[in-house]
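Thanks for coming, everyone. Let me put the structure up and walk you through it.

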Amino acid sequence: MNRAAPGAPIDPRILDQASDWLVQWHGGGMTDEARAAFQRWRQSDPEHDRAWARAELLMNKLGGLPPPLAMPSLDRPARSGRRAAVARLAMLLATVPAGWAAWQVARHEGWTADHRTRAGERRDLRLADGTRLVLNTATAIDVRFDPRQRLIHLRAGEILVQTAPDTAPVRRPFLVGTGEGRMEALGTRFSVRQDDGSTAVAVLERAVRIEPRHGAPAVLEAGRRASFTAAGLAAATPADEAAVAWTRGMLLADRMRLADFVAELARYRVGIVRCDPAIADIPVSGAFPVADTDRTLGMLAATYPVRVAARAGGYWITVVPR
Amino acid sequence: MSTANSHSREIEALYSDHHGWLHAWLRRKLGNSFDAADLAQDTFARVLAGRMPVSLAEPRAYLTTVAKGILVNWYRRQALERAYLEALAALPEPQAPAPEQRCLILETLHEIDALLDRLPPQVKRTFLLSQIEGMKYEDIARATDVLLITVKRHMKQAFSHCLAAIE
């Protein structure tokens with residue numbers, strides 16, 4: 001094989017063909033025949049493949065840009081600007097508030113979400129079919145209803161779903177998708193939470209069918225909760241209304257480890273909440289107004305041998321031994 | 001070997017004879033000494049990397065030509081950075097990229113901006129609507145009031161241009 005070096009020039013005629021394919025791919029008119037023709041073109045000559053590698057590089061660069069930043073930057077009006085930009089760069093980088101999510105996360109979870117809540121916010125939604133949704137703190141969802149299905153895509157956070165009987169002439173399944181798989185409501189009330197790399201489900205009425213992306217499907221009955229990864233489902237444990245106390249702004253703890261309690265609380269607050277490892281295992285019990293994190297922290301300090309240390313205007317909270 | 005040596009000697013001579021003059025020239029253009037010093041440095045770096053014949057009859061004309069290219073580039077970067085920062089400041093907090101991501105995004109934006117710089121405005125806009133906003137060709141045609149075939153022609157032009165220039 002006499003392959004040219006990666007950076008070597010490519011025949012303009014071949015780049016021209018690659019451009020034609022790019023136009024066609026983006027035009028959305030790629031039939032099965034066109035796809036086959038494209039594959040043949042790409043495989044028929046190493047130079048074609050090399051030209052297409054450039055096309056992919058270009059697509060990767062463009063695809064990695066967040067539209068709300070890229071569009072105003074690249075499509076800016078032509079002005080003869082000078083100076084001061086460097087000083088402003090330094091100033092703005094210092095004053096723009098840091099996003100709570102890394103950008104990659106924000107990209108998948110935030111840019112185009114249909115509904116979202118901020119940290120500490122809770123919202124009730126009524127969907128077109130009568131389904132009731134409650135969005136917990138820091139949650140983002142997309143709603144995609146079409147003639148075949150009712151789909152909620154949970155990008156981040158936690159929701160409670162109370163489905164309504166579908167009025168469409170043809171029965172449409174009600175589905176919730178997460179990063180790890182999807183759930184089909186079998187006439188029901190249930191909660192779904194997107195954690196880091198796993199999904200947690202608690203069923204309160206009827207049942208939910210769970211399909212992990214690569215694992216065996218399973219049905220979870222009322223009164224059970226389970227979490228799953230893309231590979232499969234973990235063992236189910238009992239669940240009751242305490243699992244959805246958040247819909248009333250409460251966190252019900254029953255001998256919960258303090259470290260877990262604090263991690264839970266952190267979801268409801270902008271900023272960082274940490275627990276000193278020395279007191280991580282203190283068991284916490286009680287009903288806490290989780291939406292009011294300051295009050296909850298005050299209750300913790302009043303009940304347990306702990307103290308709340310706040311820095312940076314309350315952005316940085318550490319629960320430490322008293 | 002001796003060519004390399006004589007080349008670097010020529011650069012040295014060029015530098016010592018004309019650096020002060022180039023810095024002053026850039027300072028007049030830019031209105032400040034710091035940026036002028038940076039760009040003068042960039043100009044000589046470009047000359048050095050370019051392995052251009054430096055024993056020129058008109059070294060200052062040559063240096064000005066290189067410096068002008070660098071200056072144009074610099075203005076474009078400044079304008080992009082300003083637009084980027086404005087967009088960043090306007091973004092709701094949860095959508096703002098983390099600080100370590102901001103520089104990566106800005107670098108990619110610079111690259112794309114440079115790629116698209118030579119394209120006619122209408123072609124560039126069509127390309128951005130398709131590739132950044134994710135609009136369909138039909139919708140772009142409607143939004144910009146041109147024929148679908150024109151959108152495709154513009155996309156083809158922009159893709160060809162980018163594929164030839166991208167590294």
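First, a term: a residue counts as buried if 20 or more other C-beta atoms lie within 10 Å of its own, and as exposed if 12 or fewer do. By that count, buried residues make up 30% of the 322 residues in chain A. For chain B, 31% of the 167 residues count as buried. Keep in mind that this is a predicted model.

Now the make-up of the chains. Chain A has eight helices and 16 strands. Chain B has seven helices and zero strands. Read chain B from the N terminus and you get α-α-α-α-α-α-α.

Next, contacts. In chain A, residues 24 or more positions apart account for 45% of them. In chain B, the share for residues 24 or more positions apart is 57%.

On to the cores. How many residues are in the largest nonpolar core? It has 48. Three members touch the most others: Ile159(A), Phe190(A) and Val201(A). This core draws at least three residues from each of two domains of chain A, domain 1 (108-243) and domain 2 (249-321).

Let's zoom in on Phe190(A). Leave out residues up to four places away in sequence. Phe190(A) then touches Val161(A), Ala185(A), Val201(A), Ala202(A), Val203(A), Leu204(A) and Val208(A).

Now a helix: H8 of chain A, residues 293-303. Which residues of H8 are buried? Thr293(A), Thr296(A), Leu297(A) and Leu300(A) are. They sit on the same side of H8(A), because they cover an arc of only 100° around the axis. An α-helix has 3.6 residues a turn, so residues three or four places apart point the same way. On the other side of H8(A), Arg295(A), Gly298(A) and Ala302(A) are exposed.

Last stop, a pair of strands in chain A. Strand S2 covers residues 123-126, and strand S3 covers residues 132-135. Do they run parallel or antiparallel? They pair in the antiparallel sense, over four bridges. Together S2(A) and S3(A) form a hairpin, with five residues between them. Look at Gly130(A) in the turn: it has a positive phi of about 95°.

That's the tour. Over to you.

Terms used:
Residues are numbered from 1 along each chain as its sequence is written. Chains are lettered from A and ligands numbered from 1 in the order in which they are written. This is a predicted model: local features need pLDDT of at least 70, side-chain atom pairs count only at pLDDT 80 or more; totals for chains, interfaces and linings use all residues. A nonpolar core is a set of buried Ala, Val, Leu, Ile, Met, Phe, Trp, Tyr and Cys residues joined through C-beta atoms within 7 Å. Domain bounds come from an automatic or database domain assignment. Two residues are in contact if their C-beta atoms, placed from the backbone, lie within 7 Å. Helices (H or I, at least four residues) and strands (E, at least two) are DSSP runs, numbered from the N terminus. The arc is that of the directions from the helix axis to the C-beta atoms. Two strands pair if DSSP finds at least two bridges between them.
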